[in-house]
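Thanks, everyone. Let's take the side-chain interactions one by one, with the cut-offs as we go. Here is the model.

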Amino acid sequence: MTKIYICVVSSQFMRYNEGVQEKPKMRQIYIQQPMHTGLETLKKSLQETGNAPLDMRGKHNNRPRKLTEDVKNKAMEHIRSHTCGNCDEFKAKLKGLEVDLKSVSNSEEKVVIEKKIKDLETENKVHKIKAETFYRKKRESRIHCQSSLKREAIAMDYQKNLSMPNITTNDTYYKRQLTFNTLNIHVLDSSDSFFYCYDETIAKKGAEEVCSFLHHYIFTKLNANVRELVIFCDSCGGQNKNYCMFRFINYVVHTAERLDVIKMVYPIRGHSYLECDKNMALINQKAPCETTDDWRKVVSESRLKPTPFRVIDVDRPLVRSWTKFLAPKYKKTCPFLSRPIREIRVEITHPRLIFYRDSYIGHWTSSAMLDAKRRVNTSSGEDFPNSGEFTLPDQAYKDILPISKAKFLDIQSLSKYCGLTAKQFFSNFKYNN
């Protein structure tokens with residue numbers, strides 16, 4: 001403790017300054033000397049234990065309102081509109097067995113039912129562990145890509161179909177509308193997100209489109225230093241999990257020589273929630289939009305941080321006929337069953353082979369996609385001596401894709417509620433008789 005004196009500021013102090021002999025009153029108080037808490041803590045710990053104190057910053061449990069992981073998972077079960085069919089089937093069977101267990105009095109029958117319940121719970125636990133393994137691998141890839149310039153991980157998925165014209169008129173409930181499609185490619189480490197947007201008269205939603213958009217991203221958007229690409233996507237057979245996609249990634253690695261390794265990871269059915277779904281939740285799906293330009297503007301303005309959504313306007317030359325182009329270069333049929341596959345990998349060190357496995361942990365199986373005498377770096381019958389030279393497939397769609405006549409008439413009926421630009425846009429469509 002330190003003793004100091006302070007002066008009480010009052011009229012007496014003013015008189016003292018003006019020459020009055022009366023001195024101001026002095027008050028004696030005691031204050032504590034300031035000390036450095038860090039040094040005192042270190043000194044105390046060294047005296048008591050001989051070691052430096054543990055750093056407990058951020059590790060103390062003084063946030064009683066913080067939600068635990070169990071509470072978050074239970075909340076997400078109520079928030080999600082689509083749940084896993086396997087998990088729902090488990091709950092239904094478990095509920096039925098529990099009712100049977102209460103109504104049975106025979107001890108032998110109780111043992112049988114209890115065994116069924118135990119087996120059912122074990123099966124569901126394994127199912128959830130597999131689902132969590134997919135998300136764990138995605139997190140690990142994101143962290144690894146943040147420290148490596150030669151590796152990139154993306155999530156890829158088609159988003160919910162949007163309608164045009166998207167107006168509030170009650171007639172839209174009874175009318176067919178034009179579909180606005182978006183494929184989202186989300187970069188996991190930087191959170192950059194690319195939206196390939198087009199309507200149903202430009203292209204469809206098949207393997208040709210997915211391979212074309214992925215090709216565009218790899219050769220125009222992906223960093224030139226990246227040599228390994230990991231793709232997380234759902235197991236849709238018509239888009240991501242098919243022989244056209246398998247041949248395409250082999251072509252990018254061995255013929256185009258853009259990447260050294262491409263790996264595709266597929267989730268457990270019912271547990272395929274990706275960052276693409278989070279991005280779609282940011283888009284105002286009730287926004288008034290009459291044309292594709294309106295929807296593109298809504299998508300591009302839906303996010304500001306960390307970076308705005310980047311919208312790519314898809315035209316017909318962007319979509320290529322990859323199935324027809326790759327068919328003569330590889331075996332006619334896929335050499336393995338694709339449905340149970342969880343991971344696919346193509347490496348530049350094995351030109352003829354594709355590696356796959358039906359689990360996230362275990363041995364890899366390989367199959368030959370090319371004949372032994374067939375050259376990988378041969379395209380359209382021509383040899384390319386220079387590394388990285390390749391040809392592109394022909395354009396998949398030469399003209400406007402026709403829609404049904406009923407949809408065309410419904411759109412024309414709704415166009416009276418739209419502006420002049422939308423009316424001109426809808427009048428250019430073709431339809432099947």
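Lys137, Glu343 and Arg357 are linked in a network of salt bridges. A salt bridge here is a side-chain nitrogen of Lys or Arg within 4 Å of a carboxyl oxygen of Asp or Glu. With that rule, the count is 15 salt bridges.

A word on the source. This is a predicted model, where local features need pLDDT of at least 70, side-chain atom pairs count only at pLDDT 80 or more, and totals for chains, interfaces and linings use all residues. Residues are numbered from 1 along each chain as its sequence is written, and side-chain values use heavy atoms, with hydrogens and water left out.

Back to the charges. Asp410 bridges to Arg176, with the closest N and O atoms 2.9 Å apart. Asp410 is in helix α11 (residues 405–414) and Arg176 is in the loop between β4 (162–164) and β5 (178–187), so this pair ties together parts 234 residues apart in sequence. For these elements, helices (H or I, at least four residues) and strands (E, at least two) are DSSP runs, numbered from the N terminus.

Arg176 has 44% and counts as partly exposed. The cut-offs: buried is under 20% relative accessible area, exposed is over 50%, partly exposed is in between, with a 1.4 Å probe and protein chains only.

Glu200 and Lys407 meet in a salt bridge at 3.0 Å, N to O. Glu200 sits in the loop between β6 (193–199) and α6 (207–220), and Lys407 is in helix α11, so the pair ties together parts 207 residues apart in sequence. Lys407 is buried, at 15% relative accessible area.

One more bridge. Arg345 and Glu347 meet at 2.5 Å, N to O. Arg345 counts as buried at 15% relative accessibility. Glu347 counts as buried too, at 18%.

Now the rings. The whole structure holds 19 aromatic pairs. Rings of Phe, Tyr and Trp (its six-membered ring) pair if their centres lie within 6.5 Å; planes under 30 degrees apart are stacked, over 60 edge-to-face, and the rest tilted.

Tyr173 and Tyr174 make an edge-to-face pair, 5.1 Å centre to centre, with 85 degrees between the planes. Both tyrosines, Tyr173 and Tyr174, are exposed.

Then a stacked pair: Phe336 and Tyr356, 4.1 Å centre to centre, 20 degrees between the planes. Which parts of the chain does this pair link? Phe336 is in the loop between α10 (322–326) and β10 (343–347), and Tyr356 is in strand β11 (residues 353–357), 20 residues apart. Phe336 and Tyr356 are both buried.

Ring pairs also join Phe134, Tyr135, Phe232 and Tyr360 into a cluster.

Charges over rings come next. The rule is NZ of Lys or CZ of Arg within 6 Å of the ring centre and within 35 degrees of the ring normal. Lys241 lies over the face of Tyr266, 5.0 Å from the ring centre. Lys329 has its charged end over the ring of Phe325, 4.7 Å from the centre.

Cys84 is buried, at 4% relative accessibility. For Cys276, the nearest is that of Cys233, 9.5 Å away. Cys276 is buried as well, with a relative accessible area of 0%.

On to the interior. A nonpolar core is a set of buried Ala, Val, Leu, Ile, Met, Phe, Trp, Tyr and Cys residues joined through side-chain atoms within 4.5 Å. The largest one has 54 residues, and Tyr196, Phe213, Tyr217, Ile231, Phe248 and Ile344 touch the most other members. Helix α7 (residues 243–254) gives the largest share, nine residues. A second, separate core has 21 residues, among them Cys289, Val299, Ala422 and Phe426.

Look at Ile344. Beyond its neighbours within four places in sequence, Ile344 has contacts (heavy atoms within 4.5 Å) that include Tyr266, Phe336, Tyr356 and Trp364.

Last, the whole chain. The chain has 12 helices and 16 strands. Of its 433 residues, 39% are buried. Among contacts between residues at least 6 apart in sequence, 70% join residues at least 24 apart.

Notes
Disulfide = S-S within 2.5 Å.
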